Amino acid sequence: MTTLDTRPHVAAGTAPGALSVWPASTTEQPHGGLLVGGVPLTEIAESHGTPVYVLDENEVRARCRTYRSAFPDAEIHYAAKAFLCRALARWVEEEGLGLDVCSAGELELAVTTGFPADRILLHGNAKSPRDLGTALRLGVGRIVIDTPAEIARIAAAVGTGGHQKVMVRVTPGISAGAHEKIRTGSDDQKFGLSLRDGHAQHAIARILDQPQLELTGIHCHLGSQITDVKPYLVAVRRLVGLMARVRDTHGVILPELDLGGGHGIAYRPGEPALHLTELSRRVRAELAGSCAAAGLPVPRLVIEPGRAISGPAGVAVYRVLAVKRTPGRTFVAVDGGMSDNPRPALYGVRYAPRLIGRHSPAGGESVTVVGRHCEAGDILAEDVSLPADTHPGDLLAVPVAGAYHLSMASSYNLVGRPPVVAVLDGHARLLVRRETLEDLRARDVGL
């Protein structure tokens, strides 16, 4: 498998592409039921309650293998910020991927699960003392330096007799990503060190002066939901140019180049997605050509997909609580919302919910699926088609819910976060339990 287009099995009579953004194991039943990983979603809703996240283990593993196949000579690190739990860390490790984490919490969860610390990168524009201390204590593989102040802090923490591999995060002056809030490769945001104004070169010089720090390479991350290959090619050219200047100035040849992730996926049928085979082919060709022109050996490539691995493997299931018809719009309110998926409110992301559990003879009606929270912006899916007889008690399933849903969830209105249930070969098992009212009360210790 060399692309991210893992096609689902579509039942007879289903519109072509209707399940194209669902896990490949998804099958439709004549009565309107939907199975993922061989397990009916209605069965999971009944046994675990709603809202509930369903994560297809085979889909996660298949996407890991897709990346390893497309980039056979690269180091692939799953971006844990998309979603992380102990089972997912185990799957990723077993498929031969590394891990990219942003906090002591993510790092400790992975390592205590058995993930090898030397296959983990620590990111972050403002790493806390605990983040750095935990990374050094556990022996993290590399720390990505994001600000000049970190150089002295890490060197001092390592000590004169210690050793730590580091990278430098560079902002190459490239604006890429689906929304301004998830574009991180330009000069006017909080991440990295600018290539244009010389801050990156100055930081590299300082790192090379620290004998206990080993600079292994250059890192960049352009943004998220990028569906065009071209920004990555521009980044390769600019970063190879920086590597050539490091060689000319310091006599050092850096062995690694990390292009980050941000690979765009489709959330609704027909939306564009980054073509992984084309990305691999053109990036490797550009890297080889740029290095040849600069007289450099080709560095080891590092890629950090997150959403592209876990996103399409997840499905969120909600129960309808109310249907309200106004002169201008029909609202379908469900038992979740921005507490378990803040992305529509943050980025205007659009989803394609689907009625499950029964076959409706009614025609489609344009509705807005909203959450239960006290915010006008608590909208899960705007202007989508659902059967006109959708009513309280119905179940709705939302595909592509495996990334940046639970990882960004909150307990707004003291509504507990949903559980995560894994499916595999007709069996379901609980991975993350539901956050209960007792959990929330237990944190409140004062009067």
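Reader: Where is the place of leucine 414?

Author: In this predicted model, leucine 414 sits in the loop between strand E19 (395–399) and strand E20 (420–424).

Reader: What makes the phi of leucine 414 worth a remark, given that leucine 414 is not a glycine?

Author: Leucine 414 has a positive phi of about 55°. Most residues other than glycine have a negative phi.

Reader: What is the peptide bond from threonine 50 to proline 51 called, and what is its omega?

Author: The bond from threonine 50 to proline 51 is cis, its omega being near -10°. Most peptide bonds are trans. Proline 51 itself belongs to the loop between helix H1 (41–48) and E4.

Reader: Why are H8 and H9 called roughly parallel to each other?

Author: Two packed helices are described by the angle between their axes and the distance between the axes. For helix H8 (residues 230–250) and helix H9 (residues 276–294), the axes come within 9 Å and cross at roughly 30°. Angles under 35 degrees count as roughly parallel, and H8 and H9 are therefore given that description. Their crossing is right-handed.

Reader: Which residues in H8 meet which residues in H9, and how many of each class does the contact have?

Author: From H8 come Tyr232, Leu233, Val236, Arg237, Val240, Ala244 and Arg247, and they meet Leu279, Arg282, Val283, Glu286, Leu287, Ser290, Cys291 and Ala294 in H9. Divided by class, this contact of H8 with H9 has 10 nonpolar, 1 polar and 4 charged residues.

Reader: Why are H7 and H8 called oblique to each other?

Author: Helix H7 (residues 199–208) packs with H8 at an angle of about 45°, their axes being 11 Å apart. Angles under 35 degrees count as roughly parallel and those from 65 to 115 as roughly perpendicular, so H7 and H8 are oblique to each other. H7 passes H8 in a right-handed crossing. Gln201, Ile204, Ala205 and Leu208 of H7 make this contact with Leu242, Arg245, Val246 and His250 of H8, and by class these residues are 5 nonpolar, 2 polar and 1 charged.

Reader: At what angle do helix H2 and H9 pack, and how many Å apart are their axes?

Author: Helix H2 (residues 57–70) and H9 pack at an angle of about 30°, and their axes are 10 Å apart. With the limit for roughly parallel set at under 35 degrees, that angle makes H2 roughly parallel to H9. The crossing of H2 with H9 is right-handed. Thr66, Tyr67 and Ala70 in H2 meet Leu276, Ser280 and Arg284 in H9, a contact that divides into 3 nonpolar, 2 polar and 1 charged.

Reader: How many cavities of 30 Å³ or more are there, and what volume has the largest cavity?

Author: Rolling a probe the size of a water molecule over the atoms shows where empty space is left. The count comes to 3 cavities of 30 Å³ or more, and the largest cavity has a volume of about 80 Å³.

Reader: Which residues line the largest cavity, and how do they divide by class?

Author: Its lining consists of Tyr53, Val54, Leu55, Phe83, Gly314, Ala401, Gly402, Ala403, Tyr404, His405, Leu406 and Val420. The largest share of that lining, 3 residues, comes from strand E4 (residues 52–56). By class, the lining of the largest cavity has 9 nonpolar, 3 polar and no charged residues.

Conventions:
Residues numbered from 1 in each chain as written. Predicted model: local features only at pLDDT ≥ 70, side-chain atom pairs only at ≥ 80, totals over all residues. Heavy atoms only, no water. Axes fitted to C-alpha atoms, helices over the stretch in contact; angles between N-to-C directions. Helix = DSSP H or I, 4+ residues; strand = E, 2+ residues; numbered from the N terminus. Parallel < 35°, antiparallel > 145°, perpendicular 65-115°, else oblique. Left-handed = near helix turned anticlockwise from the far one by under 90°. Contact = heavy atoms within 4.5 Å. Nonpolar A, V, L, I, M, F, W, Y, C, P; charged D, E, K, R; others polar. 1 Å grid on protein atoms, 1.4 Å probe; cavity = no way out; pocket = protein on both sides within 12 Å on 5 of 7 lines; lining within 4 Å. Points joined across faces, edges and corners; volume = space filled by probe spheres on them.
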